[in-house]
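Please keep the display in view while reading.

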Amino acid sequence: MTTEQAYREQEQVKSLLTELRNTGIVTPAFKAKMQTLNYAIQDHIDHEERDLFAKLEEHMSDAQLVELGKEFQLTKKRLQDTLDMTKA
């Protein structure tokens, strides 16, 4: 996946999120848009895992990869904590 493709996918997701905000949750269109959003996000994740992670492994040392993994986990925890606070 090229950088340009990644940006296009991100724009697609942003567009779908905007459409969801403007669609009633009880409408059939909402469910269809939600399924499309789910597919787009999963496809993007698959591309990143297959292409981006392979490139990172080629160009980063083991120590850098470990550090990057720690940063990902910390960011994930912060985002999860933020989500948990909004649910409370």
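**Salt bridges, helices and core**

Me: At what N to O distance do the side chains of arginine 50 and aspartate 51 meet in a salt bridge?

Reply: A salt bridge requires a side-chain nitrogen of Lys or Arg within 4 Å of a carboxyl oxygen of Asp or Glu. This is a predicted model, in which local features need pLDDT of at least 70 and side-chain atom pairs count only at pLDDT 80 or more, while totals for chains, interfaces and linings use all residues. Residues are numbered from 1 along each chain as its sequence is written, and side-chain values use heavy atoms, with hydrogens and water left out. For arginine 50 and aspartate 51, the N to O distance is 3.6 Å.

Me: How many salt bridges does a search of the whole structure find?

Reply: One of them joins the side chains of arginine 8 and glutamate 4, at 2.9 Å from N to O. These two residues are 4 residues apart in helix 1, and therefore about one helical turn separates them. Searching the whole structure gives a total of 5.

Me: Is glutamate 4 buried or exposed?

Reply: Buried means under 20% relative accessible area, exposed over 50%, and partly exposed in between (1.4 Å probe, protein chains only). Arginine 8, with 47%, is partly exposed. Glutamate 4 has a relative accessible area of 55%, so the term for glutamate 4 is exposed.

Me: Which residues of helix 1 are buried?

Reply: Helices (H or I, at least four residues) and strands (E, at least two) are DSSP runs, numbered from the N terminus. Helix 1 covers residues 3–21, and its buried residues fall within an arc of 85° seen down the axis, so they line one face of the helix. That arc is taken from the directions from the helix axis to the C-beta atoms. The buried residues are Ala6, Glu9, Val13, Leu16 and Leu20.

Me: Against which element do the buried residues of helix 1 pack?

Reply: On the other side of helix 1, Thr3, Glu4, Tyr7 and Arg21 are exposed. Contact means heavy atoms within 4.5 Å. The buried residues of helix 1 pack against helix 2 (28–59).

Me: Which residues form the largest nonpolar core?

Reply: A nonpolar core is a set of buried Ala, Val, Leu, Ile, Met, Phe, Trp, Tyr and Cys residues joined through side-chain atoms within 4.5 Å. The largest one has 6 residues, and helix 1 and helix 2 each supply at least two residues of this core. Its members are Val13, Leu16, Leu20, Phe30, Leu37 and Ala40.

Me: How many residues apart are lysine 33 and glutamate 19?

Reply: Their side chains meet in a salt bridge, 2.9 Å from N to O. The pair links distant parts of the chain, with lysine 33 in helix 2 and glutamate 19 in helix 1; the number of residues apart is 14.

Me: How far is the backbone oxygen of glutamate 19 from a polar atom of the side chain of threonine 23?

Reply: Threonine 23 lies in the loop between helix 1 and helix 2 and is buried, with a relative accessible area of 18%. Leaving aside neighbours within four places in sequence, threonine 23 is in contact with Ala29, Phe30 and Lys33. From the backbone oxygen of glutamate 19 to a polar atom of the threonine 23 side chain, the distance is 2.6 Å.

Me: How far apart in space are histidine 59 and glycine 24, C-alpha to C-alpha?

Reply: Histidine 59 has its place in helix 2 and counts as exposed at 64% relative accessibility. Histidine 59 and glycine 24 are 35 residues apart in sequence, and their C-alpha to C-alpha distance is 46 Å.

How values were computed
The expected span of a helix is 1.5 Å times one less than its number of residues. A polar contact is a pair of N or O atoms within 3.5 Å; within protein, one must be able to donate a hydrogen and the other to accept it, and residues adjacent in sequence count only if both atoms are side-chain atoms.
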